[in-house]
Amino acid sequence: MGKMPDGTQSTGTVDEQMEHDPTLPAPAVEDSVREAEERKWTPLRIGVWVAISLLGGIAWFMLAIVRGEAVNAIWFVFASVCTYLIGYRFYSKVIERYLLKPNDRRATPAEYKADGKDYVRTDRNVLFGHHFAAIAGAGPLVGPVIAAQMGYLPGTIWIILGVVLAGAVQDYLVMFFSMRRGGRSLGQMAREELGVVGGTAALIATLLIMIIIVAILALVVVNALGESPWGVFSVGMTIPIALFMGVYLRFIRPGRVLEVSIIGFVLLLAAIIGGGAVASTEWGAAFFHLDKVTIAWGIIIYGFIAAVLPVWLLLAPRDYLSTFMKIGVIVMLALAIVVVRPEITVPAISEFASRENGPVFSGALFPFLFVTIACGALSGFHALISSGTTPKLIEKERQTRFIGYGGMLMESFVAIMALVAAISIDRGIYFAMNAPVALTGGTVESAAQWVNSLGLSGVNITPGDLAQTANDVGEPSIVSRSGGAPTLAVGLAHIMQQFIGGTAMMAFWYHFAIMFEALFILTAVDAGTRVARFMLQDSIGNFIPKFKEASWRPGAWLCTAIMVGAWGAVLLLGVTDPLGGINTFFPLFGIANQLLAAIALAVCMAIAAKGGAFKYLWIVALPLVFAAVVTITASMHKIFSPVPAVGYFANNAAFSKALDEGKTSFGTARTVEAMEAVVRNTMIQGVLSVIFVVLSIIVIITAIIATLRSIRDGGGHSHEDPGRPSRVYAPAGLIPTPAERELMAEWAKVPLEKRLETPRHH
Amino acid sequence: MRRAISGLRSFAAYLGAVMGADAYGKYLEHHAASGHSGRPMTEREFWRDRTDRQDVSPQGRCC
């Protein structure tokens, strides 16, 4: 691509190549008209933005400065939504205008590669929903809950500011660059931009990170379902329901996606209600009362079968169900919070914010808060979704801001709502639920005693409170139900029963929440295993070509088994971990996810530098530096910290020493086997941390080298697909501007056959 | 009342589109526009082909 002497990218040369069909209206709003429209500040417009800023300011003031007895949840909604609007309108515009420079005269892959199947121009609002459903899952529902240990304010600030300056930026950049490259994946872009070393490191890191992410998501499900007959029954029922939907769609009524989803949803509700009935019978309670290890094995076996079964039978219908639930749940949660407006009594900054031995997750606020909340603020996994699928469906280049940046803002809002739901419950109950059994002792009496001994202000619970809550939500116990999902479910049940149904409905809402979290996670586990399997097959295929054939059964089965074995092993370590699993493993999940973000941002920086936009590289460098500092510091703590609660190797050494001294119990491990388990787990966690951080540093360094080389040379060779003239038009954002409406009206006059004609005729 | 029904209908259409229920219609549109000479796949064939292709090109789902 041509460059101007001042180093900025010129779009002029591309435009010259893209002469559009004179018989058609323009494929883009004239630049000068658009500029004038964007810069015209009418009094009304000024008034609206002043009002948004004021409201947002007041909301932040209420959350951060005012210290009353309680703060109303509505302020969380105002603070987040107003900040998102400002970030979207102003910051993402800066990125668009100075860094990415989308050009609507240029056809998108959905237009020039149109095949009616994978490359299909999709209405921007539909694609927004589609992309959102692909990126959002259980992550933003779990991280903020766990992070609430430090009070609500640190998490809230990170979720809202993090998304505006980092998370949404990453998604937007990756999506745009992938779109300009015909929908290439992050791995392919890394290889192109960073060379063999950087590209290979990025590939291995991605594969390992996916294993960790899938394992820890599965751990969340296991913790939510352990010793919960009702949960096991209703979540288990999702499998036959999905199979039925699959058969229905394949043989009975192909293509009736919405219809079958509604049927599936009704069956799901029946499974939740039926679960209550089954769990209350003696045989049901006995049969579905499974310990965590059994459930973990169940998920491992299920994961393997789901990944080798044809997609139509299990994965596709489950995905429909999950998407349907996702949109429903988010709308419901937002409505409930706005209508009920719970009072939050949790302190803004808790006693644990300044300590590094919190019971829910260990480590100091910096850097561990920023890895505990990954999804919702900055999630590297999104880079895998934003490259590949969505870019093949985008209709016009300018829509990437709405879909990429806007879609991530939406996920952040989900995280805020999850935080609100989790902190609306009593703090004593929160700690009793989220601390490992090793601390709470597992019974209501010991848990209440332990919570009260923490000396937290305003916390005083009785064993009766814990028993009552368990009874309300229809569970045998809520003590040490760590992992975030059960806490969110209690919070959601607490809010929803004030909205619909009263206390009698609490058990239903609790299990409804567990159900959708499990559904999202199992969908991510299925899809993650499958994606990882293909990545592995592809990598092995470089040495043994036979493995590249996707239809070669032995290869597919072997690679699936390796992948399931890998995450299954980590899952079992987590489940049997005497230190509580989530407490020590969740930081690893966050670190893995953020390292992937650092890798994605590093690739984006190298690409942006090749394009010559040196003056605005700080837009990418800012989140990259932050993610790199946070994750590398967190990894260093985990590797080198002398505090056993934080450092894996310190813990390993402490337990090894105790074993050598012939002790039969040490710290929270009460038996020799448990002590040996700690030694093994900490070693594996430690080694994984070292591998991750080394690989990521390699990727970041290669990206910095590529960037510096581009700066020295004044740019570099672009791997973009050649520009082709666009023959379609669609507006950029949710609401079309007057100029966009005018152009749309012109296009509406063009006869349909002429508009649909593609330029690909040979 | 009529307004409510049409609102509900357009919401259902939106939800369906987000889930990809309109994929066959889009395929037919593309087939007609690109001037392929062969007949398009039937609805049943199309959906079969769609899920079978997903078998070898999986889509990620995020956490």
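Biologist: How much area do chain A and chain B bury between them?

Modeller: This is a predicted model. The size of an interface is often given as the accessible area lost when the parts come together. Of the area buried here, 62% is on carbon and sulfur atoms. Between them, chain A and chain B bury about 4000 Å².

Biologist: Which three residues supply 15% of the area that chain A buries against chain B?

Modeller: The contact involves 62 residues of chain A and 35 residues of chain B. Three residues of chain A supply more of its buried area than any other three. They are A:Lys117, A:Arg250 and A:Leu258.

Biologist: Which residue of chain A meets B:Arg53 in a salt bridge?

Modeller: Side chains of opposite charge can pair when their charged atoms come close. Across the interface of chain A and chain B, the rule finds five salt bridges. For B:Arg53, the N to O distance is 3.1 Å, and the cut-off is 4 Å. The partner is A:Asp118.

Biologist: How many residues apart in sequence are the parts that A:Asp21 and A:Arg727 tie together?

Modeller: The whole structure has 36 salt bridges over all chains. In the one between A:Asp21 and A:Arg727, the closest N and O atoms are 2.9 Å apart. A:Asp21 lies in the loop between α1 and α2 of chain A, and A:Arg727 in the loop between α28 and α29 of chain A, so the parts tied together are 706 residues apart.

Biologist: Are α6(A) and α17(A) parallel, perpendicular or oblique to each other?

Modeller: Helix α6 (residues 124-135) and helix α17 (residues 399-423) of chain A pack with their axes 9 Å apart. Their angle is about 45°. Angles of 65 to 115 degrees count as roughly perpendicular, and those under 35 as roughly parallel. The two helices are therefore oblique.

Biologist: How many nonpolar residues does the contact of α6(A) with α17(A) have?

Modeller: The crossing is right-handed. Contact residues include A:Phe128 and A:Phe132 of α6(A), and A:Phe402 and A:Met410 of α17(A). By class, five are polar and two charged; the nonpolar residues number nine.

Biologist: What is omega of the cis peptide bond that joins A:Phe366 and A:Pro367?

Modeller: Most peptide bonds are trans. The bond between A:Phe366 and A:Pro367 is cis. A:Pro367 sits in helix α15 (residues 365-372) of chain A. Omega of the bond is about 5°.

Biologist: What value is phi of A:Glu227 near?

Modeller: Most residues other than glycine have a negative phi. A:Glu227 lies in the loop between α9 (186-225) and α10 (229-252) of chain A. Its phi is positive, near 55°.

Note on methods
Residues are numbered from 1 along each chain as its sequence is written. Chains are lettered from A and ligands numbered from 1 in the order in which they are written. This is a predicted model: local features need pLDDT of at least 70, side-chain atom pairs count only at pLDDT 80 or more; totals for chains, interfaces and linings use all residues. Side-chain values use heavy atoms; hydrogens and water are left out. Axes are lines fitted to C-alpha atoms, for helices over the stretch in contact, and angles run from 0 to 180 degrees between N-to-C directions. Helices (H or I, at least four residues) and strands (E, at least two) are DSSP runs, numbered from the N terminus. Angles under 35 degrees count as roughly parallel, over 145 as roughly antiparallel, 65 to 115 as roughly perpendicular and the rest as oblique. A crossing is left-handed if the near helix is turned anticlockwise from the far one by less than a right angle, and right-handed if clockwise. Contact means heavy atoms within 4.5 Å. Ala, Val, Leu, Ile, Met, Phe, Trp, Tyr, Cys and Pro count as nonpolar, Asp, Glu, Lys and Arg as charged, and the others, Gly among them, as polar. Buried area is the accessible area (1.4 Å probe) that two parts lose on being put together, summed over both. A salt bridge is a side-chain nitrogen of Lys or Arg within 4 Å of a carboxyl oxygen of Asp or Glu.
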